[in-house]
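My entries follow in the order I looked things up.

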Amino acid sequence: MEKIASFKVDHSALKPGIYLSRVDGDVITYDIRFVKPNTPPFLSNAVIHTIEHLFASYVRNSPFSGGIIYFGPMGCRTGFYFLTRGISHKDAIWLTKKALDFIAQYSGPIPGAAEKECGNYLEHDLEGAKKAAFAFLKTVKGWDENMLSYP
Ligand code: ZN
């Protein structure tokens, strides 16, 4: 099989941050990298799951909701992919930071986390998600559209 593009990224040089993963026509995929690859601790699945619910809920309720294609975790537990359409890089980065800030300060029930709404509704960790979002927010505080290239 041919090696897919995301496996050609040098993961040993990759640091936490926001990167442009790929462009497929008008769909843009961002690499939202919370953890330096192959450097534990990785995000726990419960933390990933809660971030997924909160991030997706936030961006789909934002003024950019029409341009949100997908937000979901990487299997390696070091970050997420965020897919958009018709949103500038600048706005996508701004929206990502806003969503992280929303998660870092969130209290209350996790949206979509009832048994009827979710495939593993008991596996959530709000406190862990808040901590991870807060830490990552510090990392990407000054991130802008000129920093999207993979190292
Ligand atoms: Zn779920």
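**Entry 1: contacts and overall shape.** I began with contacts in the protein chain. Of those with a separation of 6 or more, 67% join residues 24 or more positions apart. I note that the model is predicted.

Next I checked the size. A compact globule of 151 residues would have a radius of gyration near 15 Å, and the protein chain has 15 Å, so the two agree. I also took the spans of the C-alpha trace along its principal axes, which are about 40 × 35 × 35 Å.

Then I looked at burial. Buried residues make up 43% of the 151 residues. The accessible surface comes to about 8300 Å². Carbon and sulfur atoms hold 55% of that surface.

**Entry 2: element order.** I counted three helices and four strands. Read from the N terminus, they run β-β-α-β-β-α-α.

**Entry 3: the zinc ion.** Which residues coordinate the zinc ion? I found His-49 and His-53, each through NE2, and Cys-118 through SG. The distances are 2.0 to 2.2 Å. Along the chain, the donors follow the spacing H-x3-H-x64-C. His-49 lies in helix H1, while Cys-118 sits in the loop between H2 and H3, so this pair ties together parts that are 69 residues apart in sequence.

For Cys-118 the value is 15%. Buried means under 20%, so Cys-118 also goes down as buried.

**Entry 4: helix H3.** I checked the length of H3, residues 126–139. At 1.5 Å a residue, its 14 residues should span 20 Å. The end C-alpha atoms are 20 Å apart, which agrees.

What caps the N-terminal end of H3? I traced this to Asp-125. One of its side-chain oxygens lies 3.4 Å from the backbone nitrogen of Glu-127.

I listed the buried residues of H3 next. They are Leu-126, Gly-128, Ala-129, Lys-130, Ala-132, Ala-133, Phe-136 and Leu-137. I marked Lys-130 in that list, a lysine that is buried.

Last, I looked for what covers these residues. The cover includes two strands, E1 (17–24) and E2 (27–33). It also includes two helices, H1 (45–60) and H2 (89–104).

Terms used:
Residues are numbered from 1 along each chain as its sequence is written. This is a predicted model: local features need pLDDT of at least 70, side-chain atom pairs count only at pLDDT 80 or more; totals for chains, interfaces and linings use all residues. Side-chain values use heavy atoms; hydrogens and water are left out. The expected span of a helix is 1.5 Å times one less than its number of residues. Buried means under 20% relative accessible area, exposed over 50%, partly exposed in between (1.4 Å probe, protein chains only). Contact means heavy atoms within 4.5 Å. A polar contact is a pair of N or O atoms within 3.5 Å; within protein, one must be able to donate a hydrogen and the other to accept it, and residues adjacent in sequence count only if both atoms are side-chain atoms. Donors are N, O and S atoms within 2.8 Å of the metal (3.2 Å for Na, K and Ca); water is not among the atoms, so sites may look incomplete. The radius of gyration is taken over C-alpha atoms; the globule rule is 2.2 Å times the number of residues to the power 0.38. Accessible areas come from the Shrake-Rupley method with a 1.4 Å probe; for residues, only the protein chains shown count as cover.
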